[in-house]
Amino acid sequence: MTEKISKWRALREFAGKAWRLSMPYYLHSEDKWKARGLLLAIVLLNLGAVYMLVLLNEWNRVFYDALQNKDAAVFWRELGRFTYLAFSFIVIAVYRFYLTQLLQMRWREWMTKHYMDRWLANHRFYQMELARYSREGNAPPDNPDQRIAEDMNLFTSYTVGLSMGLLNAVVTLLSFIGILWTLSGSFGFTFQGRHVDIPGFMVWMAVLYCVVGSVLAHYIGRPQIALNFKQQRFEADFRHHLVRVREYSESIALDKGEGVERRQLGLRFADVLGNYLRLIRTQKRLVWFTNGFGQAATVFPFIVAAPRFFSGAIQLGELMQIASAFDRVQGALSWFVDNYDQIAAWRATTDRITSFDESFAALQAGDPATASETNAEDAIALDAMDLALPGGAALLAVQGARIAPGDSVLVQGPSGSGKSTLFRGLAGIWPWAKRRLRLPADFDARAMFLPQRPYFPNGRLRDALAYPEPAARYGDEELQAALREALLPDLVARLDDPDAWGQKLSGGEQQRLAIARALLKKPRWLFVDEATSALDEAAEATVYERLQALVRAQNGALVSIAHRPGVAGWHARRWVLEPGAADGPRYRVATG
């Protein structure tokens, strides 16, 4: 009994998940009226298709009776009637398919944009990746790219297809069960001296046949649910590692790491193949059953109705009508058997999207307490900022630090002390930070952070240089001047060349291109995190001289993280990360 209750609860939970994922599009999206109209049209077309099947079932009786009676006039008349019945059915089927695909496409478009917006909002994509490697037993879902690109497509396809299939099955059952009940007559037998009549015998036989089949299909195909879930994850892991090999091709080649990558890819592909083999073995057992079940259903109604036909109680046309009606009833009742593999895949996909959806709520619930306000005195005031490691251990504490216009601050400390994490906390992207800041009114618009390893989108050089702003905002002269100031004169003539700049350029060239981006955008508050580590000392000095001139011209400040002694000469103040108290954060910031 307990097992039955748990299965029922699991079914209700799954139905609730599918409902919660589906309803926002039809109730709250900007396309909700179009979506409802398409859905209504598809429902009406499904009802029309069932009505045409009812007419064709009646046509069966008249046509085959004409054959048995050798009635040529009725035979040719019914052939003509079949022509327009079949044509009407074809028209309905074509537009049902077209509108169904159109609804799936538009629903997928909305879901993809909706979840993509949520993933990219408030640095969730970054926090999700950090949290994956930090929260024991509560890690966010793997491969969000696959959930957006593939799972949304599968969910909308399965949801529309299966729900319309179920509607069609229910309407077909209601339409044909009365026909079959009327045609099947009653079945009588004597038991212990009493005569028993079973009305609608064919209906009860169809129900019994399909109930047994559905129960067996469930137990045979149940392992597919978990296997489908794993298959999608293994496929995404394999694809993700392939992309990483492509992105880091130069580093792997220099390290001669092809053998390691081959082994890693081989292990991931072995997971894909191993799970897929288990999946197809499970599917093979289900295919054995469903095909046998379907073939037996072809002759089953003839076997049951044959005695009445041979006794003369019914004619050939009525026999064929019984067989057709039984086939429709049996097909409707067998919807679960026929679609079990799709239901299993649908459930796995729904679980994956649900976990992805829930991860946003979990990240939002874990957002740190943050207070910031506009500073009337036009400076950055860190009244209090506590930074923790992903596991929750306290890392760094800042109290009463201040950056004023005209300042140049060098942040120093041992590796792992939290220098880069300090910048992440200032930028507001570190999820394990508690901040109480007072910021200048223009901080969000005019602060810029240069990491050690910058990002450049694939495409034209002008787009990579202007990122994330549109390149059209800057003229060619501005773009070319920024490249020259950043010591990249060879790129001046290549603004419209498309390329993978993150792979094409050397490490030093990438850092100079990021500096050119800063020189182009002219930020007021500039934070530089080892962004010149790949440059020689002469180039580094030239770049820092120009960055200093830039922030002075903007009445701003420069804050740097660097280990080279030569960088210190470009900064008037230092923040040193010193060991903290034994019962507090590992490090604290000493300003000077």
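I start with a term: buried means under 20% relative accessible area, exposed means over 50%, and partly exposed is in between, with a 1.4 Å probe and protein chains only. What you see is a predicted model, where local features need pLDDT of at least 70, side-chain atom pairs count only at pLDDT 80 or more, and totals for chains, interfaces and linings use all residues. Residues are numbered from 1 along each chain as its sequence is written, and side-chain values use heavy atoms, with hydrogens and water left out.

Now the salt bridges, meaning a side-chain nitrogen of Lys or Arg within 4 Å of a carboxyl oxygen of Asp or Glu. The whole structure has 22 of them.

One joins arginine 524 and aspartate 378, at 2.3 Å from N to O. These two are 146 residues apart and link distant parts of the chain. Arginine 524 is buried, at 6% relative accessibility, while aspartate 378 is partly exposed at 24%.

Another pairs glutamate 469 with arginine 473, at 2.8 Å from N to O. Here glutamate 469 is partly exposed at 25%, and arginine 473 is exposed at 52%.

A further one holds arginine 564 and glutamate 540, whose closest N and O atoms are 3.3 Å apart. Arginine 564 is partly exposed at 30%, and glutamate 540 is buried at 6%.

Last, the helix. Residues 201-221 form helix α6, with 21 residues. Its buried residues include Phe201, Tyr209 and Gly221.

Notes
Helices (H or I, at least four residues) and strands (E, at least two) are DSSP runs, numbered from the N terminus. The expected span of a helix is 1.5 Å times one less than its number of residues.
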